[in-house]
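Visitor: Please show me how to read the features of this model, one at a time.

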Amino acid sequence: MEEGAHVWLRSPKSEWGWLPARITKKEIVPIQTKKHKVVETDLPKRAPSPRNNSDNKPKSAAVKALEEERRTALQSIMRNRSLEKEERKKQMDDVKAKFAKLTAEAEAEEVPAADGGSDAASMEQSEEEKTKEPQLDETTVIQLTIVDDYSGLSDESSKTDIKSTISKTSGYGRGVSGFYANAETFSKLIQIDHIQAREEHPDIKLRNTPTSDSAAGIQFYGAQVNVMLSSSTNGTTTHMPNPAVGQPATKINDEITGGVDDLIGLTHLHEPAILHALRLRYDADIIYTNTGPILLAINPFKTMEGVYGKNLMDLYRQEGQERSRGGTKQSEIMANPSLPQSQSSSNGKASPSIPKTDQGGTIPAIYLYRSNGRLPPHVYKAADDAYRAMIRGIEMASAMKRGARARNRAAGQKKDDDFEMPTNQSILVSGESGAGKTVTTKIVLNYFAMLSRKTQEDHGQVPDEGKTSIEQQVLQSNPILEAFGNARTIRNDNSSRFGKYINIAFSGQGQLLRASIDTYLLEKVRLIHQTAGERNFHIFYQFLQAATEDERNEFLLNGYKVQDFNLTNQSGTYDRRDHVVDTDMHKEMVEAMDNMGFGSDTVQQLMRLVVAVLFAGNMTFGERGDAAVLEENEASLAVAQLLGVSFDNLAASLTSKVIFARGDMIHKSLDVSQAEKANEALIKAIYGALFDFVGEKINNSINAGSKSSVSIPSMKRPVLGRTTSSMNIVPPGGASIGVLDIFGFETFKVNAFEQLCINYTNETLQQQFNKFVFKLEQQEYEREGILWKFIPFPDNQDVLDLIDKPGTGILQILDEQCIVDWGTDKKFSLSLYSKCDQGSNRFHASPSQRVRNQFAVEHYAGLVEYSTENWLEKNKDQLPAASAELLDSSEFELIGLIKKFVRYEGAKIAMKSLGRQFSDSLRVLRSRIDTTMPHYIRCLKPNDGLEPDNFDPK
C-alpha cells in the first residue's frame, strides 16, 4: 500500500462497516517509547517452488511481470467451467509453453546489460546510499495517514467529491450519495511494524477503482447496454448499434455493474470489495452474482419484473444447449446476441425483436446477453449447468459402454463390463432464514420442469392433457409442504421449519421421470410455543380463514376464529408481512392436493385432524387431590369426537402414566403439570405423524404413474427423513439431480436442542463445502503447476467431534442420559461439563452458565449459547404409552394410517433417539452429496427488516 492509494478502512463502530479512504502519507518512523504491539501469525509457510527458484539470482522486473501474467492466464483458464478437461489442459499447456519462451528471452536480454553496465550500476548505487531512507526493522514502524476519500465513488464522470454534493438525509439510498450520506469525515494514523508489514493488514484493504461506483451512473445496462451487432464481410468485421436496445451502445466490451459478474475477477478480492460490488449490483436490481463455482442470490424482498419467466428460461436453455454442443462462433452470437424472436422491418428483412416477459412486458436488458455472447449470472444458469453436466455424464457412460461391448464381442465375451452410474449432480441451496432458499428451490424446480417438457417435445412425445405430469406434480408438492411445514418467523414470513432433499431422476434423454422428497427435523416445538412476531404453521391460519360453512359445521368450528385457539393466539401475530393472503394459499394447496390424487375424502380427513390439534391446545386440567383431571368442556369434547375416541379414554390417557414392570402395565396418576406435558406430547406426535403422512402421500403420487420397470420401494421411515433410495428411483442409463433446501445456521436469545441439530447440519455442510471448493481447487492448482497463495480456511472437524463423537460427543452423552431411568437435564449438563470442557477448545461453560445449565459452542459462524432445558424429553421424542393406547382405540380412519409414524414408549422394537436418528440421516445425506458433483447457491439477506431497496453491509 503506497502513498496516494485508495483503500477501504474498517470502521467497527460505523453502520457501514468499511469506509472509502485514501493514504495521504506513508513514512517510516522510529518506535515510540510505548511498546508497539506485535501481532504474530500462525499462517503456514509454503516452501519456495524449485521451478521458480532454481538459482539465487534476483529476478528482474520483466521476469516477475511475465510470471504474474502467466499465473493470471492459467487461473483464468482454470476458472472457466465451460471448458472440457482436454480443452482446458491444451490451453494451459499452450500458455505454459508461451511464457517459458518469453521468460527465456527476457533472461537472455538481461545478461549483456548486467556485464556491460556494472560501473554505471555501482555509481548509481553509491548515489542511492547517500539519500538512503530509513529502513523498516525492529526499531521502526510504517506510519500511514489515512483520510476519508470518496473521489472514486462519485455519481458524475468527473469524479466530483460526493461529500460536497450529498444531501444530509438519514438511511440508505439507492446509490452512493444516499448510502454514505451520513458518513463523518475522519483522519487516522495507523502504525504497522516489520512483522505486520509482511502480511495483509486486517483493517486496511486496497480499493478497486471502477469507472463509476454509482448504480445510477453506470452505463453498462439499460438504455446504454453495451450489446452491439456485428457482421463480417471479406474478413472485415463491422459493428453497429443493436436496434433492440433503443439507444446506441458506447463500446463493444461490457463494463459490468459492480466491476464483474464473477467476484473472483475483482483485482482486489476481500470483504469490503465484495460488499461494495454486491451493493452496486443490488442497487441496480441485479440480485445474482457468481463467485467462482458459487452463485450468490440476494433476496430483493420485492417483485422483480421480467427476471423470471418462460422466455428468459428459454434464453438460458438455448445458451446451455449451444455450450453443450461446443458453443457457437462469436460472429453468430454477436449477430443475434439475445433476441431469439424476429420481426419484419420496413425493408422486408428480418430484424431482431426484444424478448417479452410472460406478462407481455420487456425483459430488462440487464438480464440479456453481454457483448461476449454470454448471459449474466442467474439461478436458471446454475440449474442449467447442473443439468448439462448430468447429460454429459450420461453420454460419456453410454459411449464407454458401447466401446466395451464392441471389445467384448471381438474378444468373444458375452457379458458386458460393469459401469458405474454416470455422475449425479446436486444443487445445495443454503443461507440464513429469510434469505430466499425456498423460493430459489422452486425456481430451480421450475427450470428442470421446463427442460423436461422441451426434451419431450424434441422427441415427439405429446403430453397427456388429461393427466398431471411428473413435472407438475413435483412443482405442486411445494404449496402442500409449505402449508404443513412453513411458518412466519421474526426473520421470514415463509420460513421452512424443516429441511428437504428433493431427488429428481432423469432418463438418458434428459426427461424427468421420478422424484423423491426426504424431509428432516420438523420443528414440532413450534406447535406449543411461538415468540412475539411469529406464527404457528401456515395450515392452521389457512384453514380457519378459508373453511366453508359445511366444514365449520362438520368440524365444530362455528363461532371460532384464529384468535380463539391457544396454538395460534399466544404471539398476537395473525397475518403475514409479505401480504400473502391465507385463503389464497389454502385454495392453492387444495388444488395441488387434488392434482396429485389425494382425493377429497383424504383432504377432509387431514383438515379434521388439523382442527383436532387446534382444540387439543385449548384443553385444560383440574385437580382432584394430587391427581390431574381433564376438564369436560367444548375443547376436550371436540378433541374426543374429532379423534374418534371416547372422552373417558382421552381423559385416562392424559392423566395417567403406564409403567412397564416385568411384562405388566401399571397405571399411575399424573399431576397437572405432567398431564399438560402429556397433552403437548400428543399434539406433537399427531401433527408430526400427519406431516410424515403428507410427505409419503406426495412421494407415492409423484411416482404412481412411472412407466419404468425399476421398482419403487415402499415408503418407510427408519430415520428422520422418509427415504426413497436415490439410486432406486434412477432408471438404467439415467441419472439424478438432488436439490437440498436446508435450514440455515440459527442463533437466538434462547437456543435449544433443535438449534444444536440445525447448526450441526450446517457444520457438516460447511465441511463438505470446504473440501470441495478449497481443498480440491488448491490441489488442482498444484497439479497444474500454477503459482498461488495459500488460502487458509478453518477445518471444523473438531466441532463435529464435539457434537457427535462416539463416547464424548454432546449427542452421545445425551443418549446415555436418556437410556438410564435416573437421567435428568441437570445430570446431562454436569456430564457435559466434566467430559467436554477439557476435551475441546470449541466448548465453553462459564461459572454463570453452569448455574443456569447452559453451555456454548464455537461454531464456524460464531459462538452460540445453548440451554439444556427439556433436552432429554425432546431427544426421546416418544408418545407416552397411555396416549399410544388411545390412538389404537380410535375409529378415525386417518389415525390408523398415521400410527406407523408415531414413536411411542414400550415399543417392541427399541427406537433410536431423535438425536441419533438425525445424526444417521445427516450421514446418509452427506454420503449422498459426496457421490454427486455439487453446485452451490448461497442466498443472502440484504437486511434484517425484510425491506426492499435496503442494503445493510453489516
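**Reading the model**

Visitor: With which residues is threonine 440 in contact, leaving aside its neighbours within four places in sequence?

Guide: Contact means heavy atoms within 4.5 Å. By that criterion, threonine 440 is in contact with Val379, Val429, Ile937 and Cys939, once its neighbours within four places in sequence are left aside. This is a predicted model, in which local features need pLDDT of at least 70 and side-chain atom pairs count only at pLDDT 80 or more, while totals for chains, interfaces and linings use all residues. Residues are numbered from 1 along each chain as its sequence is written, and side-chain values use heavy atoms, with hydrogens and water left out.

Visitor: Is threonine 440 buried or exposed?

Guide: Buried means under 20% relative accessible area, exposed means over 50%, and partly exposed is in between (1.4 Å probe, protein chains only). Threonine 440 has 6% relative accessibility, so it counts as buried. Threonine 440 lies in helix H9, and the place of threonine 438 is in H9 too, which covers residues 437–458. Helices (H or I, at least four residues) and strands (E, at least two) are DSSP runs, numbered from the N terminus. Threonine 438 is buried as well, with a relative accessible area of 9%. Its contacts, neighbours within four places in sequence aside, are Glu482, Asn486, Asn494, Ser496 and Asp741.

Visitor: How does a residue in between read? Where is glycine 862 found?

Guide: Glycine 862 is found in strand E24, residues 862–867. At 25% relative accessibility, glycine 862 counts as partly exposed. Not counting residues up to four places away in sequence, glycine 862 touches Phe745 and Val857.

Visitor: Which strands do bridges join to E12?

Guide: Two strands pair if DSSP finds at least two bridges between them. E12 (residues 424–430) is joined by 7 bridges to strand E25 (residues 932–940), and the two run parallel. In that pairing, glutamine 425 stands opposite methionine 933. On E21 (residues 735–741), 5 bridges make the join to E12, again parallel, with leucine 428 opposite leucine 740. Of the 7 residues of E12, 6 are buried, so the strand is largely enclosed by the rest of the structure.

Visitor: How is a nonpolar core read, and how many residues has the largest one?

Guide: A nonpolar core is a set of buried Ala, Val, Leu, Ile, Met, Phe, Trp, Tyr and Cys residues joined through side-chain atoms within 4.5 Å. The largest one here has 131 residues, and Phe448 and Phe484 have the most contacts inside it. Helix H18 (residues 672–703) supplies the largest share of this core, 16 residues. A second, separate core of 56 residues includes Leu263, Phe745, Phe843 and Ala845. As for phenylalanine 448, it is in contact with Ala383, Tyr387, Ile427, Ile504, Phe506, Ile737 and Val739, leaving aside neighbours within four places in sequence.

Visitor: How far apart are the end C-alpha atoms of H18, and what should its residues span?

Guide: The expected span of a helix is 1.5 Å times one less than its number of residues. The 32 residues of H18 should span 46 Å, and the end C-alpha atoms are 47 Å apart, which agrees. Since 25 of those 32 residues are buried, H18 is largely enclosed by the rest of the structure.

Visitor: What caps the N-terminal end of H18?

Guide: Aspartate 671 does: one of its side-chain oxygens lies 3.2 Å from the backbone nitrogen of serine 673. A polar contact is a pair of N or O atoms within 3.5 Å; within protein, one must be able to donate a hydrogen and the other to accept it, and residues adjacent in sequence count only if both atoms are side-chain atoms.

Visitor: How many residues of H5 are buried?

Guide: In H5, 10 of the 13 residues are buried, so this helix is largely enclosed by the rest of the structure. The buried residues include His276, Arg279, Arg281 and Asp283. H5 (residues 271–283) should span 18 Å, and its end C-alpha atoms are 18 Å apart, which agrees. Aspartate 285 follows H5 and has a positive phi, near 60 degrees.

Visitor: How many helices and strands has the protein?

Guide: There are 27 helices and 25 strands. Of the 954 residues, 50% count as buried.
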